[in-house]
Amino acid sequence: MAILEIKNVSKFFGGLAANADVSFEVAQGSIMGLIGPNGAGKTTLFNCITGYYEPSRGEVIFKGNRMNGLQPDRVCKLGMARTWQKVRPLAKMSVLDNVMVGALCRTNSLKAAREIAMEQLQVVRMDGKAAFLAGGLPIGERKKLEMARVLATKPELLLLDEVMGGLNQSESEEIVLLILDIKSRGITQMVIEHDMKTIMRISDRIVVLTSGEKLTEGTPQEVVSNQAVIDAYLGESHS
Amino acid sequence: MIVFFQSLLSGVLIGGVYALIGIGLTIIFGVMRIINFAHGDIMMIGMYLTYNLFAMAGIDPFLSIAITIPIMFVFGALLQKLFINRVLNALPQNQILLTIGLGLIMSNTMMLIYTSDYKILSTSYSSSSVKLFGISISEPLAISFVITAAITALLYWFFLKTDTGQAIRATAQDREAAQLMGINVKRMSIIAFGLGAALAGTAGALISPTYYIFPQIGSIFTLKAFVITVLGGMGSILGATLGGVIIGVAESMGAVYISSGWKDVVVFVLFLLVLLFKPAGLLGKSRM
Amino acid sequence: MKDTSAKNVHGKAGFKSAEPIVTLLVLAGLALFPTLVSSPYSLHLMILLFLSIIMGQSWNIVGGYAGQYSVGHAAYFGAGAYTTMLLMQQWKIAPWYGVWAGMAVAVVVALVVGSICFRLRGPYFVLASIAVAEILRLSTMNLKDLTNGAEGILATEIPPLTIAGKVITDFSTKVPFYYIGLGLVVLTIVVTFLVQHSKLGYYFQAIREDQDAAHSLGINLTFHKNIALIVSALLTSLAGSFYAIYIGFIDPPTVLGLDISVQIVLICIIGGIGTIYGPVVGSLVLVPLSEALRSNIIAEAIFATGAVSPTSGVGVFLKENLAHAHALIYGVLVVVVILFMPDGVLGFVRKLTTKRKGERS
């Protein structure tokens, strides 16, 4: 069953189409990879799905509800959460407080929020740093903090925007395991990632975007063997 | 009908001076993304400078701008180098507070030196006027408008034709790209602040024969300068010119058709409306 | 950001446990102060200090915690001052009813400001908040029939405070004002404490740190900004009412002017924003300094050093004018604070002490 349906979504800025007539479905519990060269409109699509932009045309359907025009906070409450390409820690708050802000989406009690937050920090193995200021963390831990923070909002669908960007090999591996762990808990994920090996490994299906349009869609095997993809994207990134 | 044209004309005349203040603020914002809350106070310093040159050396206020402009330019450049330069990457609210603080220092220092008494710079022509098609025009206002027009023309020439002018415009458009293109952004910032201060100081000199001079006059003009630049679109020189004239006319019309007490309210309401419905200014594309 | 290199923020457990005791001791001392010190000037200074703390603490909620730098708080201060004063002078309504009306007016103003200004961010929000306060000041100047315009309002007589027919105080000395001020300080600090230790506090700070991130975590930005502003406006209005009744005279520039708005912000900036101690520290720095200038203590000190003779031309000049330039100290302080201690005096001291500790270990 599809948890998310993107139906003919277009987004125009002035006369330019950042997304043009994109359609696909994300199956419940799966990992959907979203790839494409720089400027292909991946982040714009995330913004359209999560309420930061209203699609100029088309529909975003989440759990059967039309999401167009809903504000990001409503989107989050409905069970869809996102991370940011450029991490956005709440710098002058502690790591625990950061995650608690996420947890407060589901509870009004600080005590309950603290418990949820500590749980999520354990999931990303950062419970030892709960009292540190978020602004002072190195990039790898900031990424993990952001994961813990969105997990604390108890999402059913998680949109991850380049969570491995700027990380070294072992840090990336840690995130990969985390993503697979999240999947095992039944949370659906949509992942934008540049590293092809990683995306092939974790995704159940992959959507390829170029110049705002959907080029193709399929299993990782189908996508790597698609000549159009090789021309438009893989050729470029492998050169 | 005469009253209408009368107020329209005096609005345009004073609007020219407002435009100078607005252009200064907009250049500073364009190049450094800093809103200069000390702008009116810099103008106030220009007024006192003009007043002193007149009272001590007998130099006519309109001639004294030849001295005021370079002094104010150096003053602005120093402000940039010593203070503003250090907060270019700070939070916007800290930048605003720094300039508020600098403004407070300026106005209170002037108050220490000159007390808060109103000073009047009265020239032989301060209250004389000329008649044109039955409309009377205040003579000092008319002269100041001519000078304003000349300076504005010179400014446009500077920005369009000279290398430095173009470099400043490039910096205002995209600071990082300008840096990549080899423009000395630091130097442009200093020049921009100097230029902004010089323009504010000139405006101060030009209005000194028609306004009371006192240390706290700055804040009113700072607010007006914001209104002008937001109206024209932050960072747009053409916009600020237009904004200045619009505010001049709105004030003068407001004074005639509503009451002089309410004219500033008209300006601020206009300001809020623009912020709400056309935040990029009347001309501009969004910069927000 | 990087220089704070992930320091432990909950590391002062020993200090925390001593906090309630210290607070109680300070409160007891403050409560006893008027019985020990009877000089009206000392009481006056304390009342000014209280007023400053109330104003700073109120702004802190929307500016310090929620990060919305309103430079138009004179609007709420003036709303409280004018409403209370007008009700008392024109309609003989006692101030302890008037303050409620003042708070109601402040909320209305806050709702208007919120609906206009919170659509804007950063410098545009600052400018809009100034514009609204200026419109209020100019309107008060112009609505002469209602507000007496630029001439202001003088309190001719404050009705005595009675409870069940029994006169509690007739406000003939500064003592009742002292206790009201102290009470308001406690109130604003308690409110701030409650906000800080609730969901609201977390949400406000998240909005301050990153609006887009906060939005994505399920925080309704407009709603929470408005709540912060309303709480802040209510408390600021109380400060305005208190000021009006205590000083006994208000006019548009003194209670609705841009100066008041700026002063309110500076109290927090100088102390350090987003903490309960910030406004207290800021007030402890600002009030004595500006009073010292106002009462010519600074001029006397300059004469005492022998650098300038009080009878010389410069001396006479300083004596006459330094008092008027007390706002100079605000300017100098804010420039110094922004350039050298962007986290306020409190943050600066904290940084110094943590550095020391680092050196020792």
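**Entry 1: chains A and C.** I looked up the side of chain C that touches chain A and found 23 residues of chain C in contact with 30 residues of chain A (contact: C-beta atoms, placed from the backbone, within 7 Å). The model is a predicted one; local features need pLDDT of at least 70 and side-chain atom pairs pLDDT 80 or more, whereas totals for chains, interfaces and linings use all residues. Residues are numbered from 1 along each chain as its sequence is written, with chains lettered from A and ligands numbered from 1 in the order written.

I noted that α8 (199–209) and α9 (211–216) of chain C each give at least two residues to this side (helices are DSSP runs of H or I with at least four residues, strands runs of E with at least two, numbered from the N terminus). The largest share, six residues, belongs to α8(C).

**Entry 2: the other pairs of chains.** Of the two pairs of chains that touch, I found the most contacts between chains B and C. Chains A and B do not touch, and their nearest C-alpha atoms are 11 Å apart.

**Entry 3: a sheet in chain A.** I traced an open, antiparallel sheet of four strands in the order β2-β1-β4-β5 of chain A (strands pair if DSSP finds at least two bridges between them). Its edge strands are β2 (16–27) and β5 (65–66) of chain A, each pairing on one side only. I then checked β4 (residues 57–62) of chain A, which pairs with β5(A) in the antiparallel sense over two bridges. In this chain, A:Phe62 stands opposite A:Asn65 of β5(A).
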